[in-house]
Amino acid sequence: MDVMNAIKERRAVRAFSDKKIEPEKLEAIMDAGRLAPTARNEQRCKFIAVTDEGLKTELMAASKGLKFVKEAPVVLVACADKDMMLPCGQSAKVIDCTIAMSFMWLEAVEQGIQGCWLGLFDADKVRKILNIPDDYVVPVVMPIGYALADGQPNAKKGKEETFVYDKM
Ligand SMILES: Cc1cc2nc3c(=O)[nH]c(=O)nc-3n(C[C@H](O)[C@H](O)[C@H](O)COP(=O)(O)O)c2cc1C
């Protein structure tokens, strides 16, 4: 699959089949995060693949009870230590984690796996559940697995609404 196909095939999937993710596929997904760019190449992100049923149940509770968090065979968590503000005023570590998770998501799609980006979780609870130190940012949790059904892609704005050349 080329990158654009993976981008087009990707969609937020919130219902997963019972099929486990093969270890070599999961490793390829995690590797895509490892190879992603980071500010100053500091590579402070850690990627946690949660497969333990008890931990997934606790993560579900930390995500307002969203059932697909427990039902997904794997829940990916990206986190990074010692936040650094970039001169543009944004958090480098949050950006690093989100780029990495985006790469992992596309690699997952390449492997036939889908997921759903989650912002609806209590980061303090997730840190406690997974032994993540207090000074780590946890910007994203992503349940992944084989989709239960072929979903339709969400409508996206057209190019004329999203592209401009030169000035806004
Ligand atoms: C930053 C971010 C946070 C999100 N948080 C949630 C969430 O908490 N719960 C959820 O069900 N979906 C969440 N989503 C998924 C979006 O709703 C979904 O990506 C969006 O509707 C577009 O659909 P698509 O991913 O199929 O293109 C989030 C997506 C992003 C990018």
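What volume does the second largest pocket have? The second largest pocket has a volume of about 200 Å³. This is a predicted model, where local features need pLDDT of at least 70, side-chain atom pairs count only at pLDDT 80 or more, and totals for chains, interfaces and linings use all residues. Residues are numbered from 1 along each chain as its sequence is written, and side-chain values use heavy atoms, without hydrogens and water.

**Pockets**
- A pocket is an open set of points on a 1 Å grid over the protein atoms alone, where a 1.4 Å probe fits, with protein on both sides within 12 Å along at least five of seven lines; lining residues have an atom within 4 Å of a point.
- The largest pocket holds about 240 Å³ of space.
- Its lining consists of M4, I7, K8, R10, R11, A12, P153, N154 and K156.
- That lining has 4 nonpolar, 1 polar and 4 charged residues.
- In the second largest pocket, 12 residues form the lining, and E9, R11, Q114, A147 and D150 lie nearest its centre.
- The lining of the second largest pocket has 6 nonpolar, 3 polar and 3 charged residues.

**Ligand**
- R10, R11, A12, R14, C116, W117, L118, G119, L120, N154 and K156 surround the ligand (a heavy atom within 4 Å).
- This shell divides into 5 nonpolar, 2 polar and 4 charged residues.
- R10 places a polar side-chain atom 2.7 Å from a ligand oxygen atom.
- A backbone N or O atom of A12 lies 2.8 Å from an oxygen atom of the ligand.
- For W117, a backbone N or O atom lies 3.0 Å from a ligand nitrogen atom.
- On its own the ligand has 620 Å² of accessible area, and the protein covers 61% of that (Shrake-Rupley method, 1.4 Å probe).

Terms used
Grid points are joined across faces, edges and corners, and a volume is the space filled by probe spheres set on the points. Ala, Val, Leu, Ile, Met, Phe, Trp, Tyr, Cys and Pro count as nonpolar, Asp, Glu, Lys and Arg as charged, and the others, Gly among them, as polar. A polar contact is a pair of N or O atoms within 3.5 Å; within protein, one must be able to donate a hydrogen and the other to accept it, and residues adjacent in sequence count only if both atoms are side-chain atoms.
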